Amino acid sequence: MSKDPTAIDRRAVLGGLAAMATGAPAAFAASPPLPAAPVVISVMDVGGALALMQRAFEDYRAANPKLVSRIAFVKAPAPELASKLKAQQDAGKVDLDLILTGSDGLAAGLEQKLWQKILPDFADKFPNIEENYEPAALNLHRAQGDGFGVVVNYYPSGPLLEYMPDRVKSPPTTAEELLAWAKANPGKFMYARPTNSGPGRTFMMGLPYILGDKDPQDPVGGWDKTWAYLQEIGEHIEYYPAGTGATMKEFGDGSRDIIISTTGWDINPRALGIVPKEAKIQTLKGFHWVSDAFFMCVPKGIPNDRLAVVLDLMAYVLTPKAQAYSYDEGYLYPGPAVKNVPLSLAPEASQKVIAEFGRPEYADLIAKNPIELPLKPDKMVVAFRKWDELVGAKRKR
């Protein structure tokens, strides 16, 4: 029996393979056996999860030199993911083993049937996984992942308004006030294109709750108020950046006075000095959290020796020790997807960042406001397309 620390830690949180021995016949094939010689694993990040979890992946490699010789880390924009993977799979040569993605990349991969089914097919590697998830992370795992994406990090997300108090003396408190403010201050409000922005898509998906739309989970038949609002406020937005980072930079340099944010995008850019520490946050009347997560997805077509190591690696990064890294510098606050990961387990640097740049009001906001699921992946793809057609394509030039 292996005595390596990852194996011990993994057994501690997931309950061990023995917990699965109920005497019933197995309904699904077990995961492939671990290889006799170490392999190279390629991890692609299209959402920013490596900022939270790279150290956990490196810990696994260091503790398991007989399984993995090297982990290659690759980053790419989410919109490039599906076409890149599809080309590799069509050529019969998949060189990406594990994808870290938000719900946008997950949805695109599901639409094109790019992902290997993980659960329940390889449930032997993830005993008690549902019991160990935080409740809101479990909801995302069930509703969004559908067995193809395994939640690795979670946060309640937003949508939040972030504003500079020296430039916005009376921040909007309702959707109507935000629209009036944007009209009175053209070009000073901004959010990024939802297809490649967590805050952008959270704003898009949160508005149906704020506006009291017909069906917040139906972007085609239930978002009449939302699409009309986004089009109207869009008349006063200069342009939609391709990613959230640009909104933070322009907010930080004074080009924009109010932007759409989330818990993590509020804390992290202030900790990094991109946004002034003095920036404040505000919710709008009718606010519901729209939760978000990073998922681990495995492309179809990777050989069994690499698949075996990837599954073992995925199980390891769901342990409390590995999950504690996800507090990071507040990038996806709070971050851990599994239970029993207090801030005290995080590296000292993370604890200091949260103490200095976190907001005490977040605990109350999370406790007292509903936490909704994002759109199902297929509906999210539809919502992205409708936004591009109805909103993005009609922006002022």
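Q: Is the crossing of α8 and α9 left-handed or right-handed?

A: In this predicted model, the crossing of α8 and α9 is right-handed.

Q: What describes two packed helices?

A: Two packed helices are described by the angle between their axes and the distance between those axes. Here, helix α8 (residues 198–211) and helix α9 (residues 224–234) have axes that come within 9 Å and cross at roughly 120°. The two helices are therefore oblique to each other.

Q: Which residues make the contact of α8 and α9?

A: From α8 come Phe203, Met204, Leu207, Pro208 and Leu211, and from α9 come Lys225, Thr226, Trp227, Tyr229 and Leu230. By type, the residues of this contact are 8 nonpolar, 1 polar and 1 charged.

Q: Why do residues three or four places apart in an α-helix point the same way?

A: An α-helix has 3.6 residues a turn, so residues at that spacing point the same way. Take helix α14 (residues 348–357), where Ser350, Val353, Ile354 and Phe357 are buried. These residues cover an arc of only 95° around the axis, which puts them on the same side of α14. The face turned away from that buried side carries the exposed residues Glu348, Lys352 and Ala355. The cover over the buried residues of α14 includes α11 (263–272).

Q: Which residues of helix α3 are buried, and what do they pack against?

A: In helix α3 (residues 78–90), the buried residues are Ala78, Leu81, Ala82, Leu85, Gln88 and Gln89. Their arc around the axis is only 140°, which puts them on the same side of α3. The buried residues of α3 pack against β1 (39–45), β3 (98–101) and α4 (103–111).

Q: Which residue with a positive phi follows α3?

A: Gly92 follows α3, and its phi is near 70°.

Terms used
Residues are numbered from 1 along each chain as its sequence is written. This is a predicted model: local features need pLDDT of at least 70, side-chain atom pairs count only at pLDDT 80 or more; totals for chains, interfaces and linings use all residues. Side-chain values use heavy atoms; hydrogens and water are left out. Axes are lines fitted to C-alpha atoms, for helices over the stretch in contact, and angles run from 0 to 180 degrees between N-to-C directions. Helices (H or I, at least four residues) and strands (E, at least two) are DSSP runs, numbered from the N terminus. Angles under 35 degrees count as roughly parallel, over 145 as roughly antiparallel, 65 to 115 as roughly perpendicular and the rest as oblique. A crossing is left-handed if the near helix is turned anticlockwise from the far one by less than a right angle, and right-handed if clockwise. Contact means heavy atoms within 4.5 Å. Ala, Val, Leu, Ile, Met, Phe, Trp, Tyr, Cys and Pro count as nonpolar, Asp, Glu, Lys and Arg as charged, and the others, Gly among them, as polar. Buried means under 20% relative accessible area, exposed over 50%, partly exposed in between (1.4 Å probe, protein chains only). The arc is that of the directions from the helix axis to the C-beta atoms.
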